[in-house]
Amino acid sequence: MLTSLKLKFGAGLVAMSVLMGGAGIANAAPADERAQVVSLTNQTRGQGGAIPLIESAELNTVAQAWADEMAATGYRHSDATWRSDRMTPGWDTHGENIAKGYPNANEVVAAWVASSGHYQNIMNTRYTRIGVGYVAGQNLWVQIFAGYPADRTATPAPVPDPAADAVKLYKVGYDSTIFEIVPGADGSESAVALTYAKWRDVYRLRAPEPASTDFVKYPWSPTVYAVTFWPGGESKWMWTPLTFPQWQTAGQPSPRAAGWIKGSYYYQWGTSAEIFVEGADGVNHKLSYPEWAASGFRAQERRGDEGYLKLSWAPEFARMSSLSTGAGRPMGYDEWQAEAFPTPSSVQRMPGDTFYSYRGSSTVWYAGPGMNRPVSLPEWQAAGSPAPIVRG
(Lines give C-alpha, C1' and ligand atoms only; values in the text may rest on other atoms or scores of the structure.)
Protein backbone atom coordinates (compact mmCIF):
# COMPACT_ATOMS: atom_id res chain seq x y z
CA MET A 1 0.00 0.00 0.00
CA LEU A 2 1.44 3.37 -1.03
CA THR A 3 0.37 6.85 0.02
CA SER A 4 2.23 10.08 -0.67
CA LEU A 5 1.68 13.35 1.20
CA LYS A 6 3.31 16.81 1.00
CA LEU A 7 2.70 19.47 3.60
CA LYS A 8 3.99 23.02 3.93
CA PHE A 9 5.59 23.58 7.30
CA GLY A 10 7.00 26.99 8.15
CA ALA A 11 9.58 28.07 5.59
CA GLY A 12 10.48 24.54 4.57
CA LEU A 13 8.85 21.83 2.56
CA VAL A 14 8.04 18.68 4.57
CA ALA A 15 7.73 15.54 2.42
CA MET A 16 6.52 12.15 3.60
CA SER A 17 5.99 8.81 1.87
CA VAL A 18 4.71 5.49 3.16
CA LEU A 19 5.51 2.07 1.77
CA MET A 20 4.23 -1.29 2.95
CA GLY A 21 5.77 -4.56 1.79
CA GLY A 22 4.59 -8.14 2.04
CA ALA A 23 2.91 -9.12 5.27
CA GLY A 24 4.16 -11.77 7.59
CA ILE A 25 7.90 -11.54 6.87
CA ALA A 26 10.08 -11.96 9.97
CA ASN A 27 13.84 -11.62 9.88
CA ALA A 28 16.02 -9.84 12.42
CA ALA A 29 17.95 -6.96 10.85
CA PRO A 30 21.74 -7.30 11.22
CA ALA A 31 23.61 -4.63 13.17
CA ASP A 32 24.93 -2.97 10.01
CA GLU A 33 21.54 -2.61 8.29
CA ARG A 34 21.38 1.09 9.19
CA ALA A 35 24.75 1.78 7.55
CA GLN A 36 23.68 -0.26 4.52
CA VAL A 37 20.52 1.82 4.09
CA VAL A 38 22.63 5.00 4.16
CA SER A 39 25.13 3.50 1.70
CA LEU A 40 22.46 2.32 -0.75
CA THR A 41 20.62 5.63 -0.51
CA ASN A 42 23.81 7.51 -1.34
CA GLN A 43 24.60 5.14 -4.19
CA THR A 44 21.18 5.94 -5.65
CA ARG A 45 21.75 9.67 -5.22
CA GLY A 46 25.18 9.39 -6.82
CA GLN A 47 23.76 7.63 -9.86
CA GLY A 48 21.35 10.55 -10.26
CA GLY A 49 23.99 13.23 -9.78
CA ALA A 50 22.97 14.29 -6.25
CA ILE A 51 25.54 14.82 -3.51
CA PRO A 52 25.79 12.14 -0.80
CA LEU A 53 23.91 12.69 2.44
CA ILE A 54 25.73 13.00 5.74
CA GLU A 55 24.73 10.33 8.24
CA SER A 56 23.60 12.21 11.35
CA ALA A 57 23.71 10.62 14.80
CA GLU A 58 20.96 13.01 15.85
CA LEU A 59 18.71 12.00 12.95
CA ASN A 60 19.48 8.32 13.61
CA THR A 61 18.15 8.87 17.13
CA VAL A 62 15.03 10.63 15.82
CA ALA A 63 14.40 7.92 13.20
CA GLN A 64 14.90 5.14 15.74
CA ALA A 65 12.56 6.82 18.20
CA TRP A 66 9.83 6.87 15.56
CA ALA A 67 10.47 3.26 14.53
CA ASP A 68 10.11 2.24 18.18
CA GLU A 69 6.95 4.32 18.48
CA MET A 70 5.40 2.60 15.45
CA ALA A 71 6.31 -0.80 16.87
CA ALA A 72 4.46 0.05 20.05
CA THR A 73 1.45 1.99 18.73
CA GLY A 74 0.98 1.29 15.01
CA TYR A 75 2.33 1.95 11.54
CA ARG A 76 1.99 5.61 10.48
CA HIS A 77 3.97 8.76 9.73
CA SER A 78 5.44 10.92 12.43
CA ASP A 79 4.07 14.39 12.82
CA ALA A 80 6.21 17.15 11.27
CA THR A 81 6.25 19.02 14.58
CA TRP A 82 7.30 15.87 16.42
CA ARG A 83 10.31 15.60 14.10
CA SER A 84 11.33 19.24 14.06
CA ASP A 85 11.16 19.46 17.86
CA ARG A 86 13.88 16.82 18.01
CA MET A 87 16.17 18.31 15.37
CA THR A 88 18.88 20.93 15.80
CA PRO A 89 17.56 24.30 14.54
CA GLY A 90 18.89 25.63 11.26
CA TRP A 91 17.17 23.28 8.83
CA ASP A 92 15.10 24.63 5.96
CA THR A 93 13.47 21.36 4.87
CA HIS A 94 12.96 17.87 6.18
CA GLY A 95 11.13 14.71 5.17
CA GLU A 96 10.50 11.10 5.94
CA ASN A 97 10.17 7.70 4.27
CA ILE A 98 8.73 4.76 6.15
CA ALA A 99 8.24 1.13 5.14
CA LYS A 100 7.07 -2.13 6.63
CA GLY A 101 7.60 -5.77 5.72
CA TYR A 102 11.02 -5.71 4.06
CA PRO A 103 13.55 -8.04 5.73
CA ASN A 104 16.80 -6.22 4.88
CA ALA A 105 18.33 -2.97 3.68
CA ASN A 106 18.71 -4.09 0.06
CA GLU A 107 15.02 -4.88 -0.30
CA VAL A 108 13.64 -1.83 1.49
CA VAL A 109 15.84 0.63 -0.44
CA ALA A 110 14.98 -1.12 -3.71
CA ALA A 111 11.29 -0.73 -2.85
CA TRP A 112 11.71 2.96 -1.99
CA VAL A 113 13.62 3.57 -5.23
CA ALA A 114 10.87 1.82 -7.22
CA SER A 115 8.22 4.12 -5.72
CA SER A 116 8.11 7.61 -7.23
CA GLY A 117 7.23 9.45 -4.02
CA HIS A 118 9.94 7.76 -1.98
CA TYR A 119 12.45 8.15 -4.80
CA GLN A 120 11.76 11.90 -4.92
CA ASN A 121 12.55 12.09 -1.21
CA ILE A 122 15.78 10.13 -1.69
CA MET A 123 16.86 12.31 -4.62
CA ASN A 124 15.84 15.68 -3.11
CA THR A 125 18.90 17.88 -3.70
CA ARG A 126 18.01 20.16 -0.79
CA TYR A 127 18.53 17.37 1.72
CA THR A 128 22.00 17.19 3.25
CA ARG A 129 21.61 14.80 6.21
CA ILE A 130 19.99 11.43 6.85
CA GLY A 131 19.09 9.25 9.82
CA VAL A 132 17.79 5.67 9.79
CA GLY A 133 15.79 3.68 12.31
CA TYR A 134 14.46 0.13 12.21
CA VAL A 135 12.76 -2.45 14.38
CA ALA A 136 13.96 -5.81 13.17
CA GLY A 137 11.24 -7.93 14.77
CA GLN A 138 8.50 -6.10 12.84
CA ASN A 139 10.57 -5.08 9.78
CA LEU A 140 9.74 -1.40 10.36
CA TRP A 141 12.00 1.11 8.59
CA VAL A 142 12.30 4.90 8.90
CA GLN A 143 14.41 7.39 6.93
CA ILE A 144 14.54 10.96 8.27
CA PHE A 145 15.98 13.57 5.90
CA ALA A 146 16.93 17.17 6.69
CA GLY A 147 18.42 20.00 4.73
CA TYR A 148 20.79 22.48 6.42
CA PRO A 149 21.98 25.47 4.33
CA ALA A 150 25.32 25.40 6.15
CA ASP A 151 25.98 21.95 4.66
CA ARG A 152 25.50 23.16 1.11
CA THR A 153 29.05 24.31 0.46
CA ALA A 154 30.66 24.17 -2.93
CA THR A 155 32.42 20.89 -3.62
CA PRO A 156 35.84 21.27 -5.25
CA ALA A 157 36.31 19.57 -8.59
CA PRO A 158 37.85 16.10 -8.14
CA VAL A 159 41.48 15.64 -9.14
CA PRO A 160 41.80 13.00 -11.88
CA ASP A 161 43.52 9.77 -10.79
CA PRO A 162 44.76 7.80 -13.83
CA ALA A 163 45.32 4.64 -11.75
CA ALA A 164 41.77 4.68 -10.40
CA ASP A 165 40.36 5.54 -13.81
CA ALA A 166 42.01 2.40 -15.23
CA VAL A 167 40.19 0.09 -12.80
CA LYS A 168 37.08 -1.50 -14.28
CA LEU A 169 33.85 -1.12 -12.33
CA TYR A 170 30.84 -3.37 -12.85
CA LYS A 171 27.33 -3.53 -11.40
CA VAL A 172 25.19 -6.66 -11.28
CA GLY A 173 21.65 -6.35 -12.56
CA TYR A 174 19.79 -7.81 -9.60
CA ASP A 175 20.85 -5.45 -6.80
CA SER A 176 22.83 -2.25 -6.22
CA THR A 177 26.24 -3.81 -5.55
CA ILE A 178 29.17 -2.37 -7.52
CA PHE A 179 32.39 -4.38 -7.98
CA GLU A 180 35.94 -3.34 -8.80
CA ILE A 181 38.27 -5.68 -10.70
CA VAL A 182 41.42 -5.89 -8.59
CA PRO A 183 44.68 -7.38 -9.95
CA GLY A 184 46.47 -9.95 -7.79
CA ALA A 185 50.19 -10.43 -7.23
CA ASP A 186 50.10 -13.53 -9.46
CA GLY A 187 48.59 -11.61 -12.35
CA SER A 188 45.05 -12.91 -11.78
CA GLU A 189 42.06 -10.62 -11.31
CA SER A 190 39.34 -10.71 -8.67
CA ALA A 191 36.00 -8.95 -8.36
CA VAL A 192 35.65 -7.16 -5.02
CA ALA A 193 32.46 -5.48 -3.79
CA LEU A 194 32.90 -1.72 -3.31
CA THR A 195 31.92 0.21 -0.23
CA TYR A 196 30.11 3.45 -0.91
CA ALA A 197 32.95 5.44 0.67
CA LYS A 198 35.51 3.97 -1.72
CA TRP A 199 33.24 4.43 -4.71
CA ARG A 200 32.79 8.07 -3.75
CA ASP A 201 36.33 8.95 -2.64
CA VAL A 202 38.46 6.83 -5.00
CA TYR A 203 36.29 6.42 -8.06
CA ARG A 204 34.35 9.71 -7.69
CA LEU A 205 31.00 7.94 -8.16
CA ARG A 206 31.98 6.79 -11.65
CA ALA A 207 29.15 4.94 -13.40
CA PRO A 208 29.87 1.19 -13.55
CA GLU A 209 29.42 -1.01 -16.60
CA PRO A 210 26.79 -3.78 -16.47
CA ALA A 211 28.36 -7.09 -15.42
CA SER A 212 28.05 -10.10 -17.73
CA THR A 213 25.46 -12.22 -15.94
CA ASP A 214 23.43 -15.24 -16.97
CA PHE A 215 20.36 -16.62 -15.19
CA VAL A 216 20.04 -20.37 -14.80
CA LYS A 217 18.18 -23.03 -12.85
CA TYR A 218 17.89 -26.79 -12.62
CA PRO A 219 14.71 -28.00 -14.38
CA TRP A 220 13.66 -29.83 -11.18
CA SER A 221 14.21 -26.93 -8.75
CA PRO A 222 12.45 -23.55 -8.40
CA THR A 223 15.65 -21.69 -7.44
CA VAL A 224 16.99 -19.22 -10.01
CA TYR A 225 20.72 -18.46 -9.86
CA ALA A 226 22.55 -15.47 -11.28
CA VAL A 227 26.01 -16.45 -12.51
CA THR A 228 28.30 -13.50 -13.13
CA PHE A 229 31.30 -14.23 -15.35
CA TRP A 230 34.24 -12.48 -13.73
CA PRO A 231 37.66 -12.71 -15.41
CA GLY A 232 39.68 -15.83 -14.66
CA GLY A 233 37.38 -18.67 -15.66
CA GLU A 234 34.92 -20.91 -13.84
CA SER A 235 36.64 -20.71 -10.46
CA LYS A 236 36.10 -16.92 -10.42
CA TRP A 237 32.45 -16.93 -11.45
CA MET A 238 30.00 -15.63 -8.85
CA TRP A 239 26.87 -17.72 -8.24
CA THR A 240 23.97 -16.06 -6.42
CA PRO A 241 20.64 -17.74 -5.58
CA LEU A 242 18.12 -14.98 -6.19
CA THR A 243 15.35 -13.85 -3.91
CA PHE A 244 12.06 -12.97 -5.57
CA PRO A 245 12.71 -9.18 -5.26
CA GLN A 246 16.17 -9.65 -6.81
CA TRP A 247 14.64 -11.57 -9.72
CA GLN A 248 12.15 -8.73 -10.17
CA THR A 249 14.94 -6.13 -10.05
CA ALA A 250 16.77 -8.06 -12.79
CA GLY A 251 13.70 -7.71 -15.02
CA GLN A 252 12.16 -11.14 -14.36
CA PRO A 253 14.51 -12.94 -16.78
CA SER A 254 13.58 -16.40 -18.07
CA PRO A 255 16.36 -18.67 -16.77
CA ARG A 256 17.91 -21.27 -19.03
CA ALA A 257 18.22 -24.89 -17.92
CA ALA A 258 21.64 -25.58 -16.44
CA GLY A 259 23.48 -28.91 -16.47
CA TRP A 260 25.62 -27.96 -13.49
CA ILE A 261 25.41 -25.29 -10.79
CA LYS A 262 28.21 -24.49 -8.38
CA GLY A 263 27.76 -25.98 -4.92
CA SER A 264 26.02 -29.11 -6.23
CA TYR A 265 26.87 -32.40 -4.52
CA TYR A 266 26.83 -35.63 -6.56
CA TYR A 267 26.47 -38.95 -4.76
CA GLN A 268 25.51 -42.61 -5.06
CA TRP A 269 24.05 -44.93 -2.43
CA GLY A 270 25.59 -48.30 -1.64
CA THR A 271 22.37 -50.11 -2.56
CA SER A 272 21.95 -48.81 -6.12
CA ALA A 273 23.82 -47.62 -9.20
CA GLU A 274 21.61 -44.52 -9.40
CA ILE A 275 23.34 -41.12 -9.30
CA PHE A 276 21.83 -38.20 -7.38
CA VAL A 277 22.58 -34.50 -7.11
CA GLU A 278 21.78 -32.18 -4.22
CA GLY A 279 21.73 -28.54 -5.29
CA ALA A 280 23.02 -25.65 -3.23
CA ASP A 281 19.37 -25.01 -2.30
CA GLY A 282 19.05 -28.49 -0.76
CA VAL A 283 16.79 -29.96 -3.47
CA ASN A 284 17.68 -33.58 -4.33
CA HIS A 285 17.22 -35.15 -7.75
CA LYS A 286 17.81 -38.57 -9.30
CA LEU A 287 19.78 -38.01 -12.50
CA SER A 288 18.96 -39.59 -15.82
CA TYR A 289 21.93 -40.42 -18.03
CA PRO A 290 21.38 -37.33 -20.27
CA GLU A 291 21.20 -35.14 -17.13
CA TRP A 292 24.45 -36.60 -15.80
CA ALA A 293 26.03 -36.06 -19.24
CA ALA A 294 24.82 -32.44 -19.21
CA SER A 295 26.69 -31.94 -15.93
CA GLY A 296 29.90 -32.96 -17.64
CA PHE A 297 29.84 -36.40 -15.95
CA ARG A 298 30.66 -34.87 -12.58
CA ALA A 299 32.33 -37.28 -10.17
CA GLN A 300 30.05 -38.59 -7.45
CA GLU A 301 30.74 -39.74 -3.91
CA ARG A 302 30.00 -43.45 -3.37
CA ARG A 303 28.30 -43.72 0.00
CA GLY A 304 28.90 -47.46 0.09
CA ASP A 305 27.77 -48.20 3.64
CA GLU A 306 24.51 -46.26 3.32
CA GLY A 307 21.38 -46.81 1.32
CA TYR A 308 17.83 -48.13 1.21
CA LEU A 309 16.59 -51.68 1.75
CA LYS A 310 13.15 -53.16 1.24
CA LEU A 311 11.98 -56.55 2.38
CA SER A 312 10.89 -58.58 -0.65
CA TRP A 313 7.88 -59.89 1.25
CA ALA A 314 6.67 -56.67 2.96
CA PRO A 315 5.82 -53.08 1.85
CA GLU A 316 8.06 -51.34 4.42
CA PHE A 317 11.58 -50.18 3.63
CA ALA A 318 14.40 -48.67 5.62
CA ARG A 319 16.96 -45.88 5.37
CA MET A 320 20.21 -47.61 6.32
CA SER A 321 22.83 -45.43 7.96
CA SER A 322 25.19 -48.41 8.18
CA LEU A 323 24.64 -51.48 6.04
CA SER A 324 27.55 -53.25 7.68
CA THR A 325 26.14 -53.02 11.21
CA GLY A 326 22.44 -53.06 10.38
CA ALA A 327 21.82 -49.53 11.72
CA GLY A 328 18.78 -47.96 10.10
CA ARG A 329 15.26 -46.70 10.59
CA PRO A 330 11.85 -46.82 8.93
CA MET A 331 11.34 -44.32 6.13
CA GLY A 332 8.04 -42.67 5.22
CA TYR A 333 6.85 -41.50 1.84
CA ASP A 334 7.51 -37.78 2.43
CA GLU A 335 11.16 -38.40 3.31
CA TRP A 336 11.56 -40.80 0.40
CA GLN A 337 10.12 -38.13 -1.92
CA ALA A 338 12.49 -35.48 -0.49
CA GLU A 339 15.40 -37.83 -1.22
CA ALA A 340 14.23 -38.07 -4.88
CA PHE A 341 12.82 -41.63 -4.67
CA PRO A 342 15.98 -43.73 -4.45
CA THR A 343 15.24 -47.30 -5.52
CA PRO A 344 15.64 -49.61 -2.51
CA SER A 345 17.47 -52.89 -2.83
CA SER A 346 15.05 -55.79 -2.34
CA VAL A 347 16.26 -58.33 0.24
CA GLN A 348 14.76 -61.30 2.04
CA ARG A 349 16.37 -60.34 5.35
CA MET A 350 17.97 -57.14 6.66
CA PRO A 351 21.23 -56.97 8.62
CA GLY A 352 20.61 -57.45 12.32
CA ASP A 353 16.91 -58.32 12.02
CA THR A 354 15.16 -61.04 13.98
CA PHE A 355 11.91 -63.01 14.21
CA TYR A 356 10.45 -63.66 17.63
CA SER A 357 7.33 -64.83 19.45
CA TYR A 358 6.06 -64.70 23.00
CA ARG A 359 5.77 -67.86 25.03
CA GLY A 360 2.27 -69.26 24.78
CA SER A 361 1.44 -67.31 21.60
CA SER A 362 1.51 -68.49 17.99
CA THR A 363 2.02 -64.93 16.63
CA VAL A 364 5.39 -64.35 15.01
CA TRP A 365 6.91 -60.87 15.16
CA TYR A 366 9.58 -59.29 12.97
CA ALA A 367 12.01 -56.66 14.29
CA GLY A 368 14.39 -54.90 11.94
CA PRO A 369 15.49 -51.46 10.75
CA GLY A 370 12.32 -50.95 8.72
CA MET A 371 9.60 -52.18 11.09
CA ASN A 372 8.66 -54.01 14.27
CA ARG A 373 5.30 -55.76 13.86
CA PRO A 374 3.54 -59.13 13.70
CA VAL A 375 3.88 -60.91 10.36
CA SER A 376 1.37 -63.05 8.55
CA LEU A 377 2.02 -66.69 7.73
CA PRO A 378 2.65 -65.95 4.02
CA GLU A 379 5.13 -63.19 5.01
CA TRP A 380 6.94 -65.50 7.42
CA GLN A 381 7.12 -68.22 4.77
CA ALA A 382 8.39 -65.72 2.16
CA ALA A 383 11.12 -64.73 4.61
CA GLY A 384 12.32 -68.36 4.62
CA SER A 385 10.29 -69.63 7.62
CA PRO A 386 13.00 -68.67 10.15
CA ALA A 387 12.66 -70.14 13.61
CA PRO A 388 11.50 -67.35 15.94
CA ILE A 389 13.24 -66.60 19.20
CA VAL A 390 10.86 -67.29 22.08
CA ARG A 391 10.58 -64.49 24.61
CA GLY A 392 8.96 -64.24 28.02
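This is a predicted model: local features need pLDDT of at least 70, side-chain atom pairs count only at pLDDT 80 or more; totals for chains, interfaces and linings use all residues.
For sorting lining residues by class, Ala, Val, Leu, Ile, Met, Phe, Trp, Tyr, Cys and Pro count as nonpolar, Asp, Glu, Lys and Arg as charged, and the others, Gly among them, as polar.

Rolling a probe the size of a water molecule over the atoms shows where empty space is left. A search of the whole structure turned up one cavity of 30 Å³ or more, and the volume of the largest cavity is about 30 Å³.

The largest pocket, in turn, has a volume of about 390 Å³. It is lined by 20 residues, of which Asn106, Ala110, Asp175, Ser176 and Thr249 are the closest to its centre. Two or more lining residues come from each of H1, helix H4 (105-114) and helix H8 (244-249). Among the contributing elements, H4 gives the most, with six residues. The lining of the largest pocket comprises seven nonpolar, ten polar and three charged residues.

Helix H1, which spans residues 33-47, also packs against helix H5 (residues 116-123), at an angle of about 85° and with the two axes 9 Å apart. Angles of 65 to 115 degrees count as roughly perpendicular, and H1 and H5 are therefore roughly perpendicular to each other. On the H1 side the contact is made by Thr41, Thr44 and Arg45, and on the H5 side by Tyr119, Ile122 and Met123. By class, the contact of H1 with H5 has three nonpolar, two polar and one charged residues.

Strands of a sheet pair through backbone hydrogen bonds, either parallel or antiparallel. Strand E24 (residues 364-368) and E25 run antiparallel and are joined by five bridges. For a reader tracing this pair in the model, Ala367 stands opposite Asn372 in E25.

Conventions:
Residues are numbered from 1 along each chain as its sequence is written. Side-chain values use heavy atoms; hydrogens and water are left out. On a 1 Å grid over the protein atoms alone, a cavity is a set of points where a 1.4 Å probe fits but cannot get out, and a pocket is an open set with protein on both sides within 12 Å along at least five of seven lines; lining residues have an atom within 4 Å of a point. Grid points are joined across faces, edges and corners, and a volume is the space filled by probe spheres set on the points. Axes are lines fitted to C-alpha atoms, for helices over the stretch in contact, and angles run from 0 to 180 degrees between N-to-C directions. Helices (H or I, at least four residues) and strands (E, at least two) are DSSP runs, numbered from the N terminus. Angles under 35 degrees count as roughly parallel, over 145 as roughly antiparallel, 65 to 115 as roughly perpendicular and the rest as oblique. Contact means heavy atoms within 4.5 Å. Two strands pair if DSSP finds at least two bridges between them.
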